[in-house]
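Here is a short note for a colleague opening this structure for the first time. Please keep the sequence and the 3D view side by side while you go through the points.

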Amino acid sequence: MTLEEAQKTVDQWINTTGVRYFNELTNTAILMEEVGEVARIMARKYGEQSFKKSDEGHDLGDELADVLFVLICLANQTGTNLTEALQKNLEKKNIRDAERHKNNEKLK
């Protein structure tokens, strides 16, 4: 699925099953909640925290998909074409960071 297809699919789902979009501020708060759930899994799986009984059954892929879903909602609501935005962002990074990471002693 391309980003464009994902944006259309999410929009269709929102306007049928989801009834309507939550407002942008609500979706931003939901996005932060979802990112927090990803952080919780990362801290336990790759960090130093241990899993609790309540952490069982949480799947990283599912939580990342929740983040992506809400991010797509915000893009749709604000008229942001994610394909174009990502292409522009990568162009910016290619110019700005052309030598930066290669010359970073911390990465060697």
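1. A definition to begin. Helices here are DSSP runs of type H or I with at least four residues, numbered from the N terminus. By that numbering, V19 sits in the loop between α1 and α2. The model is a predicted one.

2. V19 deserves a look. Its phi is near 75°. That is a positive value in a residue other than glycine. Is V19 buried or exposed? Exposed counts as over 50% relative accessible area. V19 has 64% relative accessibility, so V19 counts as exposed.

3. Now helix α1, residues 3-16. At 1.5 Å a residue, its 14 residues should span 20 Å. The end C-alpha atoms of α1 are 20 Å apart, which agrees.

4. Which residues of α1 are buried? They are A6, Q7, V10 and I14. These cover an arc of only 100° around the axis, so they lie on the same side of α1. On the other side of α1, K8, Q12 and T16 are exposed. An α-helix has 3.6 residues a turn, so residues three or four places apart point the same way. The buried residues of α1 pack against α3 and α4.

5. Take the α1 and α3 pair next. Helix α3 covers residues 60-78. The two helices pack at an angle of about 90°, with their axes 9 Å apart. That angle makes α1 roughly perpendicular to α3. From α1, the contact uses A6, Q7, V10, D11, W13 and I14. From α3, F69, I72, C73, A75 and N76 take part. By class, the contact of α1 with α3 has eight nonpolar, two polar and one charged residues.

6. The other partner of α1 is α4, residues 82-96. Here the angle is about 145°, and the axes are 8 Å apart. L3, E4 and Q7 in α1 meet L82, T83 and L86 in α4. By class, the contact of α1 with α4 has three nonpolar, two polar and one charged residues.

7. Helix α2 spans residues 24-45. It has 22 residues and reaches 31 Å from its first C-alpha to its last. That is close to the 32 Å expected at 1.5 Å a residue.

8. Where do the buried residues of α2 fall? N27, I30, L31, E34, V38, I41 and R44 are the buried ones. Seen down the axis of α2, they fall within an arc of 160°, so they line one face of the helix. That set includes E34 and R44. The buried residues of α2 pack against α3. On the other side of α2, L25 and E33 are exposed.

9. In the loop between α2 and α3, find S50. S50 is exposed, with a relative accessible area of 56%. What does S50 touch, leaving aside its neighbours within four places in sequence? S50 is in contact with R44 and D55. R44 is one of the buried residues of α2.

10. Helix α3 has 19 residues. It reaches 27 Å from its first C-alpha to its last, close to the 27 Å expected at 1.5 Å a residue. Buried in α3 are L60, E63, V67, V70, I72, C73, L74, A75 and Q77. What covers these buried residues includes α1, α2 and α4. Just after α3, G79 takes a positive phi of about 70°.

11. L71 is in α3. At 38% relative accessibility, L71 counts as partly exposed. A65 is also in α3. At 41% relative accessibility, A65 counts as partly exposed.

12. L71 and K88 are 17 residues apart in sequence and 17 Å apart in space, C-alpha to C-alpha. A65 and K106 are 41 residues apart along the chain. The C-alpha atoms of A65 and K106 are separated by 31 Å.

Note on methods:
Residues numbered from 1 in each chain as written. Predicted model: local features only at pLDDT ≥ 70, side-chain atom pairs only at ≥ 80, totals over all residues. Heavy atoms only, no water. Axes fitted to C-alpha atoms, helices over the stretch in contact; angles between N-to-C directions. Parallel < 35°, antiparallel > 145°, perpendicular 65-115°, else oblique. Contact = heavy atoms within 4.5 Å. Nonpolar A, V, L, I, M, F, W, Y, C, P; charged D, E, K, R; others polar. Expected span 1.5 Å × (residues − 1). Buried < 20%, exposed > 50% of the residue type's maximum accessible area, 1.4 Å probe, protein only. Arc of directions from axis to C-beta.
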